[in-house]
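Good morning, colleagues. Please look at the sequence and the model on the screen while I go through selected features.

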Amino acid sequence: MLDHVGLEAAAPKTGEVMSDSVLVEREDSVTVITLNRPDKLNSFTNEMTTHLSAAFEAAAHDAHCRAVLVTGAGRGFCAGQDLSERAVAPGKGERVDLGHSLETRFNPLIRRMRALPKPIVVAVNGVAAGAGANFALAGDIVLAAKSASFIQSFAKIGLMPDCGGTWFLPHHLGPGRALALAMLAEPLPAEKAAEWGLIWKTVDDADLLPQARALAQKLSQQSAPALAAIKHVVHGAAVRTLDEALDHEVDGQRALGYGDDFAEGVAAFLEKRAPRFG
């Protein structure tokens with residue numbers, strides 16, 4: 001049973017008319033967000049980034065949402081920014097302030113995804129290029145179809161990676177591979193991305209959405225406070241020392257240990273049954 005969740009940039013509310021470019025549906029306790037410009041390989045427009053931010057904000061405040069699944073409609077995941085919105089004439093003349101676009105649209109979107117206290121599963125169903133590739137990497141668990149690929153295409157148009165790409169690539173892959181991917185702007189096949197540790201795993205194309213949906217549903221049934229704590233400490237680990245990480249573990253584990261989910265989890269283990277987390 002799918003419940004359509006409306007999108008409104010300032011304050012998303014259930015029952016509003018959804019955006020044509022970003023579809024949001026409820027599948028039990030999973031919010032499914034679909035980039036929906038298949039004729040343009042789901043390339044970003046200003047409207048899309050606004051609606052995406054609204055969708056994640058709505059998921060954060062939706063008590064019935066316990067996990068989020070993101071994918072793309074059609075044959076591609078996201079081809080990055082729609083350059084028709086960034087068209088400029090060669091030579092001297094008016095220019096587009098790309099920094100302003102990042103500050104006001106893309107960076108808030110990436111920060112909102114990382115701060116969301118609910119797991120985000122990303123199903124990459126085709127090409128993920130430029131900002132689209134790094135938007136995918138902002139998720140928590142990334143699955144990709146075996147035919148999919150990731151392209152840091154920025155250098156081809158005289159730019160550097162953004163949307164967190166300059167952080168995601170070296171932290172996942174190390175500076176050598178990060179520099180080569182960014183400078184050469186060559187496609188990275190999904191299976192190689194999984195082998196290198198950039199994403200979780202690849203699956204056969206026909207199995208991508210069924211497996212992604214099953215994974216999101218599985219996450220939605222686990223302890224929400226535990227998953228939120230795991231997401232917080234793992235994403236922050238790259239900027240912490242071991243001592244700082246140990247201190248965060250003390251604080252987080254203390255809070256979880258006092259929670260109802262821990263008591264239920266232990267009881268379920270001892271009684272040899274599945275836990276029923278609230």
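I begin with a definition: rings of Phe, Tyr and Trp (its six-membered ring) pair if their centres lie within 6.5 Å, and planes under 30 degrees apart count as stacked, over 60 as edge-to-face and the rest as tilted. By that criterion, four aromatic pairs are found in a search of the whole structure. In one of them, phenylalanine 44 and phenylalanine 106 have ring centres 5.5 Å apart and planes at 70°, so this pair is edge-to-face. Phenylalanine 44 sits in the loop between strand 3 (30–35) and helix 1, and phenylalanine 106 in helix 2, so the pair ties together parts that are 62 residues apart in sequence. Helices (H or I, at least four residues) and strands (E, at least two) are DSSP runs, numbered from the N terminus. Phenylalanine 44 and phenylalanine 106 are both buried, where buried means under 20% relative accessible area, exposed over 50%, and partly exposed in between (1.4 Å probe, protein chains only). Ring pairs also join Phe44, Phe77, Phe106 and Phe135 into a cluster.

A word on the basis of these values. This is a predicted model, in which local features need pLDDT of at least 70 and side-chain atom pairs count only at pLDDT 80 or more, while totals for chains, interfaces and linings use all residues. Residues are numbered from 1 along each chain as its sequence is written, and side-chain values use heavy atoms, with hydrogens and water left out. The pLDDT, the predictor's confidence in each residue from 0 to 100, averages 91 for the protein, and 91% of the residues score at least 70. Over residues 1–17, pLDDT stays under 50. Where pLDDT is low, the predicted coordinates should not be read in detail.

Let us turn to helix 2. The helix covers residues 98–115, and a kink of about 40° lies at phenylalanine 106, shortly before proline 108. The bend at a residue is the angle between axes fitted to the seven residues ending there and the seven starting there. Which residues of helix 2 are buried? They are Ser101, Leu102, Phe106, Leu109, Ile110 and Met113. These buried residues pack against helix 1 (46–61), strand 5 (120–124), helix 3 (131–137), helix 4 (165–173) and helix 8 (224–236).

Finally, threonine 31 is located in strand 3. With a relative accessibility of 4%, threonine 31 counts as buried. Beyond its neighbours within four places in sequence, threonine 31 has contacts (heavy atoms within 4.5 Å) with residues including Val24, Asp62 and Leu69.

How values were computed. Expected span 1.5 Å × (residues − 1).
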